[in-house]
Amino acid sequence: LYTLRSEMRRAPEGTLARIAELGFSEIEWWGEYGRTPAQLRALLDRHSLRAPAWHLAPELLAAERLDATLRTATTMGHKHLIVAWLPPAQRTSDGFKRIGEVLSTAGRRLASEGIRTGYHNHDFEFERVGNETVWDVLLASTDASVVDLELDCYWAFK
């Protein structure tokens, strides 16, 4: 839904209806659109859509917010919680080490609920910082048994 964020802000029901008309049955969720998770799930159900993956802000996986995030994910039917972007101030080796730890900690907690965490890259993860990239740091600091990496081929190539 990131691609359709403007349309979703303007007319969520119509946008989801059009997505279903085009033959899609699954979408990758992004945004809240001024509605509760239950209201959003009702819209998905109305149009026979599923949203197994959710692109979310990294702070939603922090320990103090994880229970609320789990409730939203359960309501929406999400099975993959993907951090889709980090603010520029966090794009350091230490920042990527921390996000790897957050993803791993949350991933271990959510695994019993059948939910995995993950990270979606852009191009900045492949810039060199000394002898490595922050992508290298992220790989080294995540627990692969509970964290997935959603490789965006466009950004990786760029």
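**Exercise 1.** In which crossing, left-handed or right-handed, does H2 pass H3?

*Solution.* The model is predicted, so local features need pLDDT of at least 70 and side-chain atom pairs count only at pLDDT 80 or more, while totals for chains, interfaces and linings use all residues. Residues are numbered from 1 along each chain as its sequence is written, and side-chain values use heavy atoms, with hydrogens and water left out.

Step 1. Helices (H or I, at least four residues) and strands (E, at least two) are DSSP runs, numbered from the N terminus.

Step 2. Apply the rule for handedness. A crossing is left-handed if the near helix is turned anticlockwise from the far one by less than a right angle, and right-handed if clockwise. H2 passes H3 in a right-handed crossing.

Step 3. Two packed helices are described by the angle between their axes and the distance between the axes. For H2 and H3 the angle is about 35 degrees and the axes are 9 Å apart. Axes are lines fitted to C-alpha atoms, for helices over the stretch in contact, and angles run from 0 to 180 degrees between N-to-C directions.

Step 4. List the residues in contact (heavy atoms within 4.5 Å). Pro-12, Glu-13 and Leu-16 of H2 meet Leu-43, Leu-44 and Arg-46 of H3. By class, this contact of H2 with H3 has 4 nonpolar, no polar and 2 charged residues. Ala, Val, Leu, Ile, Met, Phe, Trp, Tyr, Cys and Pro count as nonpolar, Asp, Glu, Lys and Arg as charged, and the others, Gly among them, as polar.

**Exercise 2.** Identify the buried residues of H2 and the elements that they pack against.

*Solution.* Step 1. Buried means under 20% relative accessible area, exposed over 50%, and partly exposed in between (1.4 Å probe, protein chains only). In H2 (residues 12–21), the buried residues are Pro-12, Thr-15, Leu-16, Ala-17 and Ile-19.

Step 1. These buried residues of H2 pack against helix H1 (5–10), S1 and H3.

**Exercise 3.** Describe how H4 packs against H3 and against H5.

*Solution.* Step 1. H3 (residues 37–46) and H4 (residues 66–76) pack at about 20 degrees, with axes 9 Å apart. H3 is therefore roughly parallel to H4. Angles under 35 degrees count as roughly parallel, over 145 as roughly antiparallel, 65 to 115 as roughly perpendicular and the rest as oblique.

Step 1. H3 passes H4 in a right-handed crossing. Pro-37, Ala-38, Leu-40, Arg-41 and Leu-44 of H3 make the contact with Thr-72, Thr-74, Thr-75 and Met-76 of H4. The classes in the contact of H3 with H4 are 5 nonpolar, 3 polar and 1 charged.

Step 2. H4 and H5 (residues 93–111) pack at about 55 degrees, their axes being 12 Å apart. H4 and H5 are therefore oblique to each other, and their crossing is right-handed. Leu-66, Asp-67 and Leu-70 of H4 make the contact with Ala-106, Arg-109 and Leu-110 of H5.

**Exercise 4.** What is the order of the strands in the open sheet, and which strands stand at its edges?

*Solution.* Step 1. The open sheet of 5 strands has the order S1-S2-S3-S4-S7, with parallel pairing. Two strands pair if DSSP finds at least two bridges between them.

Step 1. S1 (26–29) and S7 (147–150) stand at the edges; each has a single partner strand, so one side of each is left without a neighbour in the sheet. The twist averages 25 degrees from one strand to the next.

Step 2. S1 is joined by 3 bridges to S2 (residues 50–56), and Glu-26 stands opposite Arg-50 in S2. S3 and S4 pair over 4 bridges in the parallel sense, with Leu-81 opposite Thr-117 in S4.

Step 3. In S4 (residues 116–120), 4 of the 5 residues are buried, so this strand is largely enclosed by the rest of the structure.

**Exercise 5.** Which is buried and which exposed, Tyr-33 or Ser-48?

*Solution.* Step 1. Most residues other than glycine have a negative phi. Tyr-33 has a positive phi of about 60 degrees, and phi of Ser-48 is near 55 degrees.

Step 1. Tyr-33, in the loop between S1 and H3, is buried, with a relative accessible area of 12%. Ser-48, in the loop between H3 and S2, is exposed at 60% relative accessible area.
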